Amino acid sequence: MENMVNIYLYGKKYEVPSNLTIINAMEYAGYQLVRGVGCRCGFCGACATIYRIKGQQELKTCLACQTKVEDNMYIATLPFFPLVKQPYDIKKVKPTEQIMMQLYPEIYACIGCNACTKSCTQELNVMQYIAYAQRGEFEKCAEESFDCVMCGVCSSRCPAGITHPQVGLLARRLTGKYLAPETEHLLARVAEIEAGDCQAALQDIMKKTAEELKEMYNNRDFEK
Amino acid sequence: MYTNEMLESIKKVEATRPARLEAVLAGNHPRRMTAEEKDQVLLENHPDHIKSQFAELVIGPNKGEKVPLELAEILQANPRVKSADIDLTKIDYDVDVLIIGGGGAGSAAAIMAHENGANVMIVTKLRHGDANTMMAEGGIQAADKPNDSPAQHYLDVMGGGHFKNIPELVYKLVNDAPVCIKWLNDLGVMFDKEADGTMVTTHGGGT
């Protein structure tokens, strides 16, 4: 028999094998999950979860698909959290300090408690990227927040009601559109395509038989 | 995090790593497998190539085609919704374009349709963006560099698709790809770039 542990799902006790993730343990216990689970690989951020080990002071947070069950784990999932997403037209906004003030003014109410950083399931320095956003340092905010999976746990812990993931996303969009360097080779290729300069070679290769293509493919050049 | 079996397996890889690293640093890259060798490995190991993993569809527009067992099960299952429960005299949402799925493709379609004046609705199981596009963060293919071309991209796609692809669709894919990268860039997607704006090229597994 496998090692079993006791866990509590929404307060109800279940005995589950100790080598399961929280998601798998919930399914083992009979839950059919329709929301609150997506990719099961720690990337989509749909399975944000809050738990506490009985007798311990600390409230912990995680993605349920990436965390193994522990004995006496009290678990509550967070399939949805009311984050604020302000609408904006990326073509009209500009990377100025005022834009954060207009769209997400609550970031200036940050009290510096660092609960966001402590709760981040991706171990990001969340409070730091909010500080960068406050100062209009969008490139730094974008880099610091880049690995965010938008699980929303940080926002659930924030006493100032900040929607950290959306602030980071806005900074990344501003960076991608306005601050990152222009890619000359991309513009050149798009111009070639629009002028029809790539047509002859394409029409030519489209006429090849599968056998001819196979020969070309198996002897193609590799970029190192 | 890792099980005991995985830890044992990791040890085996680690034991030979220094030797492999040394060989590569000395310029001795591992030999590429030939097309036949690759096919043999796939035949023996990959579920997509093991015949017993496939079923023939008995209904629908793809009737007669072989698909993985799980897909056949879904495609040929009874619908969850009972037709008797649907009352078409009461319409909850009336839109010009209904998009099923809120990942990269669905979102792009929604933006385009909306920009062209359509009233659009996306339906998606989880939150907007909890989708496969989020997981495919290793790269995106477009022939955007001087040492590359849409024609070369065409060859790569045909090879990757075992020369079964529909040429007109591949043409559309490779010819539009750089235009789409520019479109995404202009929408604020952050691509990995060098300081001078050159896109960072990475090589995916098996390419």
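Chain A is divided into domain 1 (4–77), domain 2 (97–179) and domain 3 (194–218), with bounds that come from an automatic or database domain assignment. The C-alpha centres of domain 2 of chain A and domain 3 of chain A lie 47 Å apart.

This is a predicted model, in which local features need pLDDT of at least 70 and side-chain atom pairs count only at pLDDT 80 or more, while totals for chains, interfaces and linings use all residues. Residues are numbered from 1 along each chain as its sequence is written, and chains are lettered from A and ligands numbered from 1 in the order in which they are written. The model scores ipTM 0.88 and pTM 0.82. For chain B, the mean pLDDT (the predictor's confidence in each residue, from 0 to 100) is 91, and 98% of the residues of chain B reach 70 or more.

Helices (H or I, at least four residues) and strands (E, at least two) are DSSP runs, numbered from the N terminus. Ala48(A) stands opposite Leu63(A) in β4(A). Six residues lie between the strands of this hairpin, and Gly55(A) takes a positive phi near 90 degrees.

Turning to the contact between the chains, 39 residues come from chain A and 37 residues from chain B, two residues being in contact if their C-beta atoms, placed from the backbone, lie within 7 Å. On the side of chain A that touches chain B, at least two residues each are supplied by α7 (164–179), α8 (184–195), α9 (199–206) and α10 (210–218) of chain A. The residues of this side divide into 22 nonpolar, eight polar and nine charged, where Ala, Val, Leu, Ile, Met, Phe, Trp, Tyr, Cys and Pro count as nonpolar, Asp, Glu, Lys and Arg as charged, and the others, Gly among them, as polar.

Notes:
Two strands pair if DSSP finds at least two bridges between them.
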